[in-house]
Amino acid sequence: MVVNLKPDVEEAIRQQAEIQGLSVEELLARTFRPVDTESRLITHLRALQAEYGMPAIESGKHCTSLTELMRAWDAEDSAMSDEERDAATRLWNDIRSSKAGVDI
C-alpha cells in the first residue's frame with residue numbers, strides 16, 4: 001500500500017513512532033486495527049435495548065437457519081410484557097425514521 005502524505009504529516013508520524021519506541025509500521029498497526037463489525041453492532045444493539053427498556057440479548061445465542069431465527073423471535077415476542085413490546089415498537093419506529101441509526 002502506498003499512502004501519499006504531506007511532509008509535515010509524515011514527519012509527525014515518524015516523531016510519534018520514535019516517542020513510543022516503535023517503528024512507523026508498528027505504530028500504524030497499533031493505531032489502525034481491523035474493525036470488529038459484529039462486536040460494534042452487538043454493543044450498539046445492547047445500548048439501544050437498555051435505552052428503550054428492552055431485555056438484553058443473550059451472548060452467544062445464535063440461530064443457524066432462517067426458520068430457527070423466526071421461531072426464536074416468535075418465542076421472544078411471546079415472552080415480552082406489554083411495556084417491552086411498546087419499547088420494541090418505539091425502537092423500530094425510531095430506527096426506520098433514522099433517529100437511532102447504526103453508524104458503522
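On one side of helix α5, Asp-82 and Arg-96 are exposed (over 50% relative accessible area). On the other side of α5 from this pair are residues of another kind. Ala-87, Leu-91 and Asp-94 in α5 are buried, meaning under 20% relative accessible area; partly exposed lies in between (1.4 Å probe, protein chains only). Seen down the axis of α5, its buried residues fall within an arc of 65 degrees, so they line one face of the helix. That arc is taken from the directions from the helix axis to the C-beta atoms.

What do the buried residues of α5 pack against? They pack against α3. Contact here means heavy atoms within 4.5 Å.

## What kind of model this is

This is a predicted model: local features need pLDDT of at least 70, side-chain atom pairs count only at pLDDT 80 or more, and totals for chains, interfaces and linings use all residues. Residues are numbered from 1 along each chain as its sequence is written, and side-chain values use heavy atoms, with hydrogens and water left out.

The predictor's confidence in each residue is its pLDDT, from 0 to 100. The protein chain averages 81, and 86% of the residues score at least 70. Where pLDDT is low, the predicted coordinates should not be read in detail.

## The overall layout

The protein chain has 5 helices and 0 strands. From the N terminus on, the order is α-α-α-α-α. Helices (H or I, at least four residues) and strands (E, at least two) are DSSP runs, numbered from the N terminus.

Of the 104 residues, 12% count as buried. Take the contacts between residues at least 6 apart in sequence: 47% of them join residues at least 24 apart.

## Checking helix lengths

The expected span of a helix is 1.5 Å times one less than its number of residues. Helix α3 (residues 37–51) has 15 residues, so it should span 21 Å; its end C-alpha atoms are 21 Å apart, which agrees. After α3 comes Gly-53, with a positive phi near 70 degrees.

## Where α1 meets α2

How do α1 and helix α2 (residues 24–31) cross? Their axes come within 9 Å and cross at roughly 90 degrees. That makes α1 roughly perpendicular to α2.

Ile-13, Arg-14, Gln-16 and Ala-17 of α1 meet Val-24, Leu-27 and Leu-28 of α2.

Key. Axes are lines fitted to C-alpha atoms, for helices over the stretch in contact, and angles run from 0 to 180 degrees between N-to-C directions. Angles under 35 degrees count as roughly parallel, over 145 as roughly antiparallel, 65 to 115 as roughly perpendicular and the rest as oblique.
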